[in-house]
Amino acid sequence: PVYTAGTRLVAPTAQLLSRTRGGWLPTGEVRTMEEAAATSGGTCVTVRPSELLLRPGAKGLPAVHPTFSPNDGVRIDRVAIAELPNGRVLGDKRAIITGSGDFLHEQSWYFGTTRTREHPVFLHPFPPPPLEVGGRLGVLASRGDNNYYHFLVDVMARVGVVEQCPEVATPPKWYVPAGAQFQ
């Protein structure tokens with residue numbers, strides 16, 4: 001809590017300082033991929049809609065324990081792909097920034113944060129300028145991708161999402177993290 005509160009306090013100053021030397025930090029925010037696509041001239045395709053999985057309560061003792069109480073189901077969020085013209089990936093925490101300079105919260109949330117300005121990207125007011133890549137680029141990087149579990153579950157699953165969506169052509173190039181041997 002102290003870390004995120006401190007980041008929230010530092011973020012406005014970091015944004016101002018960033019503007020003095022290139023301005024690579026995000027200047028605004030969008031919550032969803034649909035909003036990011038709409039405000040940056042991109043597109044967003046829903047691969048799988050949101051669904052409610054209904055499961056019977058687990059059996060166990062003591063029966064009154066909250067773990068074994070019946071539930072109303074589990075909501076599985078929709079799966080989507082956003083194409084963001086001139087978008088970029090910022091920092092080692094993999095913040096996604098739209099072409100119009102907005103922080104994409106849905107794809108950039110960080111452990112223990114609930115607000116955009118709590119993201120660790122705001123602790124570094126002078127990130128290096130982005131590497132320009134011509135053409136379409138698929139982003140496989142994600143927060144926590146230097147961890148084997150998160151690499152498999154959060155990063156590699158994105159390849160499967162692209163394969164499930166014939167409406168979006170497979171990108172000719174991929175941005176893949178390469179900091180650990182398993183990557």
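## Overall architecture

The protein chain contains five helices and 10 strands. The model is a predicted one. Taken along the principal axes, the box filled by the C-alpha atoms is roughly 60 × 45 × 35 Å.

The chain has 183 residues, and 32% of them count as buried. Contacts across the sequence can be described by how far apart the joined residues are: among contacts between residues at least 6 apart, 67% join residues at least 24 apart.

## Surface and charge

The accessible surface of the protein chain amounts to about 11200 Å². Carbon and sulfur atoms account for 59% of that surface.

Among the side chains, 18 are positive and 16 are negative. The centres of these two sets lie 5 Å apart.

Q15 is located in helix α1, which spans residues 2-20. With a relative accessible area of 8%, Q15 falls under the 20% limit and is therefore buried.

The side chain of Q15 reaches the backbone oxygen of P26 at a distance of 2.6 Å. P26 is also one of the residues that Q15 touches when those up to four places away in sequence are left out.

## Aromatic pairs

The structure holds five aromatic pairs. One of them joins Y148 and F182 in an edge-to-face arrangement, with 5.2 Å from centre to centre and 90° between the planes. This pair links distant parts of the chain, as Y148 belongs to helix α4 (residues 148-155) and F182 to the segment after β10 (173-175), 34 residues apart.

F151 has a relative accessibility of 5% and counts as buried. F182 has a relative accessibility of 33% and counts as partly exposed, because that class covers values between 20% and 50%.

Elsewhere in the description of aromatic residues, W109, Y110 and F111 form one aromatic cluster.

Note on methods:
Residues numbered from 1 in each chain as written. Predicted model: local features only at pLDDT ≥ 70, side-chain atom pairs only at ≥ 80, totals over all residues. Heavy atoms only, no water. Helix = DSSP H or I, 4+ residues; strand = E, 2+ residues; numbered from the N terminus. Buried < 20%, exposed > 50% of the residue type's maximum accessible area, 1.4 Å probe, protein only. Polar contact = N/O pair within 3.5 Å; in protein donor to acceptor, adjacent residues only side chain to side chain. Contact = heavy atoms within 4.5 Å. Areas by Shrake-Rupley, 256 points an atom, 1.4 Å probe, with all protein chains shown as cover. Lys, Arg positive; Asp, Glu negative; His and termini not counted. Charge placed at Lys NZ, Arg CZ, Asp CG, Glu CD. Phe/Tyr/Trp six-rings, centres within 6.5 Å; stacked < 30°, edge-to-face > 60°.
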